[in-house]
Amino acid sequence: MILSSIVILTGAGISKESGLDTFRDKNGIWAKVDHRELATPEGFEHDPARVHAFYNQRRRQLRDVQPNAAHHALARLEGAYKGALLLVTQNVDDLHESAGSRKLIHMHGELNAGLCGACGQRCRWKSDMSTHSQCPSCRTVGRMRPDIVWFGEMPYQMDRIYRALGQAELFIAIGTSGNVYPAAQFVEEAAHAGARTVEINLDASENTSHFDEVIRGPATQAVPDFVERLLGA
Ligand code: BV8
């Protein structure tokens, strides 16, 4: 049997049960702060110290959280699945790689990475960052920023993602509200290419109606069940 190629998109909901906040749930991150002040280049330009503090707090939090059963199930799927598989995450946490996922794209960047505004080099960054931080490549001081894709910026590896969506026979979206573009459009790209589309989410998302199958429930239960179903097929 020709094994299908799978594209998986995850959002903040897959990390919720590991203790990380989502964005648009009632007590989500954007309910407390305005994303235009903290997750845009203009916001960083206007008050870099405040934006650094926001990301430093979230980067520090990664030391205290662990991947959950949903992250581990996706890593297991990658290891056991003989067909092509690509995991695209909107999340900036490191829980997928901690669970063992390797065929992974962080389309919105990563908390554990820095980007130099002077030389454009990206680097691993696990400690606090400030307006006094120095770029390890060009040594410039004061031009480091979190390697996070902010609103109005182009997400990473879009060509590779669209190529995978164009060849997908199965597209699964997990823990995302379908509010943010271009990620929210991936289900339509995959469907257009003939993929079967499945949404695994706690609540209805903005684009639930685009999916062939909808599985309602917490990721730590629904994702391992779905992976067993897929591997057992
Ligand atoms: C771009 C980094 C173009 C920051 C993020 C009007 C219409 C259409 C588009 C736009 C528009 N105006 C502006 C735009 C473009 C904009 C956009 O989409 N805005 C939205 C608000 C309308 N998009 C952009 O700017 C993007 N770039 O378009 O560039 C371009 C073109 C050419 C040249 C240059 C540029 C860039 C967007 C990236 C922004 N950065 N993150 C940070 O993390 O600090 S976005 C941010 O939202 C996060 O990355 C997050 O991942 C993403 C999406 O959120 P979700 O992951 O879905 O999380 P959310 O809380 O929303 O939902 C969680 C879900 O989980 C819920 O449904 C809940 O029910 C579920 N859940 C909860 N618990 C569980 C669960 N599910 C299962 N189990 C559980 N236990």
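Q: Between which domains does the ligand lie, and why?

A: Domain bounds here come from an automatic or database domain assignment. Domain 1 (1-20 + 67-108 + 155-233) and domain 2 (21-64 + 114-148) both contribute residues to the shell around the ligand, so the ligand lies between them. This is a predicted model, in which local features need pLDDT of at least 70 and side-chain atom pairs count only at pLDDT 80 or more, while totals for chains, interfaces and linings use all residues. Residues are numbered from 1 along each chain as its sequence is written, and side-chain values use heavy atoms, with hydrogens and water left out.

Q: How many residues surround the ligand, and which are the closest?

A: A residue is near a molecule if one of its heavy atoms lies within 4 Å of it. The ligand is surrounded by 34 residues, the closest being Phe-23, Arg-58, Gly-152, Thr-176 and Ser-177. The shell divides into 15 nonpolar, 12 polar and 7 charged residues (Ala, Val, Leu, Ile, Met, Phe, Trp, Tyr, Cys and Pro count as nonpolar, Asp, Glu, Lys and Arg as charged, and the others, Gly among them, as polar).

Q: Which residue has a polar backbone atom 2.6 Å from an oxygen atom of the ligand?

A: The backbone atom belongs to Gly-152. Among side chains, Tyr-55 has an N or O atom 2.8 Å from a ligand oxygen, and Glu-17 has one 2.9 Å from a ligand nitrogen. The protein covers 76% of the 1,500 Å² of accessible area that the ligand has on its own (Shrake-Rupley method, 1.4 Å probe).

Q: How many salt bridges does a search of the whole structure find?

A: Side chains of opposite charge can pair when their charged atoms come close. The criterion is a side-chain nitrogen of Lys or Arg within 4 Å of a carboxyl oxygen of Asp or Glu. The search finds 11 salt bridges. One of them joins Glu-228 and Arg-76 at 2.9 Å, N to O. Glu-228 is in helix H9 (residues 219-232) and Arg-76 in helix H5 (residues 69-80), 152 residues apart (helices are DSSP runs of H or I, at least four residues, and strands runs of E, at least two, numbered from the N terminus).

Terms used
Polar contact = N/O pair within 3.5 Å; in protein donor to acceptor, adjacent residues only side chain to side chain.
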